[in-house]
Amino acid sequence: MKAKDLMVPLQEYLTPDHSLKAAANLLRIARRGEEKIGVKALPVLDSKGKLIGILSIGDILKAVYPKYMYLMDLGSFTWDGMVEALAQKMADRKVRDLMTRIVITVKEDSPLMECIDHMLKNNVKRVPVLNKDNRVIGMLYERDVFYYITEFMSNSTSAVRDNE
């Protein structure tokens, strides 16, 4: 099994000039295969179609959570209304300001075990799949790899029982 055999073909992507509001909306309604169920991340491509980053739900959550909050012991601090105010404040920020710039990728002909290796060693749940010209042609998702693996676990259990 190769990355291209299990990837979801690229249907939507972001540009560095998308606003965070537009990017969040696209993440919510993006197609995954035939369904519009949303995705947890999208690649960011420049005007020539080159991969320059990735924007995830986690990047957006970090954007509305001020960095100084990590350092504070907030005790009885009131959180009411804070998320809403910060979300409105961040809506017009550009994807380029928040995207992850170092993106783990795999080639379309990468064996599935190599893809799993990249995902686990880099703690990523999705990787863009590149063709021979280094263009993004799809996304490989941890969930799809998991489902593929568990099919073999299920089949191997019944095969063992049949041989007993």
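**Exercises on side-chain pairs**

Asp117 has a relative accessible area of 31%, so this residue counts as partly exposed. The model considered here is predicted.

**Exercise 1.** State which parts of the chain are linked by the pair Glu142 and Lys125.

*Solution.* Step 1: a salt bridge joins the side chains of Glu142 and Lys125 (3.8 Å, N to O). Step 2: Glu142 belongs to helix 7, whereas Lys125 lies in the loop between helix 6 and strand 7 (126-130); the pair, 17 residues apart, thus links distant parts of the chain. Step 3: both are partly exposed, Glu142 with a relative accessible area of 35% and Lys125 with 41%.

**Exercise 2.** Classify the 2 aromatic pairs of the structure.

*Solution.* Step 1: the ring centres of Phe146 and Tyr147 are 5.7 Å apart and the planes stand at 50 degrees, so this pair is tilted. Step 2: for Tyr148 and Phe152, the centres are 5.1 Å apart and the planes are at 65 degrees; because planes over 60 degrees apart count as edge-to-face, this pair is edge-to-face. Step 3: Tyr148 and Phe152 are 4 residues apart in helix 7 (residues 142-163), and therefore about one helical turn separates them.

Note on methods:
Residues numbered from 1 in each chain as written. Predicted model: local features only at pLDDT ≥ 70, side-chain atom pairs only at ≥ 80, totals over all residues. Heavy atoms only, no water. Phe/Tyr/Trp six-rings, centres within 6.5 Å; stacked < 30°, edge-to-face > 60°. Helix = DSSP H or I, 4+ residues; strand = E, 2+ residues; numbered from the N terminus. Buried < 20%, exposed > 50% of the residue type's maximum accessible area, 1.4 Å probe, protein only. Salt bridge = Lys/Arg side-chain N within 4 Å of Asp/Glu carboxyl O.
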